[in-house]
Amino acid sequence: MVTLKSLGAALLLLLAACSSPTLAPPPDAPSSSYTGIWLGEVADNVGDATVEMTLVQTGNSLTGELLLGFSAGLTRANATGTATGRTNGTSVELWLVPNDADYCAYHAVANRSGITLQGSYKGIDCQEEIDGTLTLKKQ
């Protein structure tokens with residue numbers, strides 16, 4: 001005679017055998033959008049600086065705000081400014097213009113790989129020629 005208890009156990013075994021394991025959803029891939037906060041460093045023949053850039057991408061256009069942190073020995077200074085540019089996917093062209101007229105503007109070109117943006121820049125109308133490199137990571 002089949003009891004209710006043994007029938008329930010058989011039903012549980014059948015359900016366990018027929019069900020497939022639950023897979024966790026794949027992790028989110030990094031967004032290909034440039035919108036967000038980018039942190040990193042720049043280095044050139046004049047010195048080094050930290051960079052915090054907040055970008056907004058609309059189509060292929062980029063706009064945003066910029067914070068540069070300069071240091072020379074014990075002297076530290078910050079400069080704010082604007083960033084404008086364009087992208088064609090993995091490459092970008094940016095014009096970085098500090099709000100303070102004591103600092104010159106920069107023209108940068110860079111390539112993106114995942115969350116990293118690497119490239120070079122040149123000073124525009126500076127008192128001396130400035131050529132540098134940049135590395136930024138999307139946060």
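Arginine 86 counts as partly exposed, because its relative accessibility of 47% lies between the limits of 20% and 50%. In this predicted model, arginine 86 forms a salt bridge with glutamate 93, and the closest N and O atoms of the pair are 2.5 Å apart.

**Salt bridges**

- The count of salt bridges in the model comes to two.
- Glutamate 93, the partner of arginine 86, is buried, because its relative accessible area of 19% is under the 20% limit.
- Aspartate 131 forms a salt bridge with lysine 122, where the closest N and O atoms are 2.5 Å apart.
- Aspartate 131 counts as partly exposed at 29% relative accessibility, and lysine 122 likewise counts as partly exposed, with a value of 48%.

**The largest pocket**

- The largest pocket has a volume of about 580 Å³, and of the 26 residues that line this pocket, the closest to its centre are Val46, Phe70, Tyr103, Tyr106 and Ile130.
- The elements that each give two or more residues to the lining of the largest pocket are strand 1 (36-44), strand 2 (48-58), strand 3 (61-72) and strand 4 (75-87).
- Strand 3 provides the largest share of the lining of the largest pocket, with five residues.
- Sorted by class, the lining of the largest pocket holds 16 nonpolar residues, together with four polar and six charged ones.

Methods. Residues are numbered from 1 along each chain as its sequence is written. This is a predicted model: local features need pLDDT of at least 70, side-chain atom pairs count only at pLDDT 80 or more; totals for chains, interfaces and linings use all residues. Side-chain values use heavy atoms; hydrogens and water are left out. On a 1 Å grid over the protein atoms alone, a cavity is a set of points where a 1.4 Å probe fits but cannot get out, and a pocket is an open set with protein on both sides within 12 Å along at least five of seven lines; lining residues have an atom within 4 Å of a point. Grid points are joined across faces, edges and corners, and a volume is the space filled by probe spheres set on the points. Helices (H or I, at least four residues) and strands (E, at least two) are DSSP runs, numbered from the N terminus. Ala, Val, Leu, Ile, Met, Phe, Trp, Tyr, Cys and Pro count as nonpolar, Asp, Glu, Lys and Arg as charged, and the others, Gly among them, as polar. A salt bridge is a side-chain nitrogen of Lys or Arg within 4 Å of a carboxyl oxygen of Asp or Glu. Buried means under 20% relative accessible area, exposed over 50%, partly exposed in between (1.4 Å probe, protein chains only).
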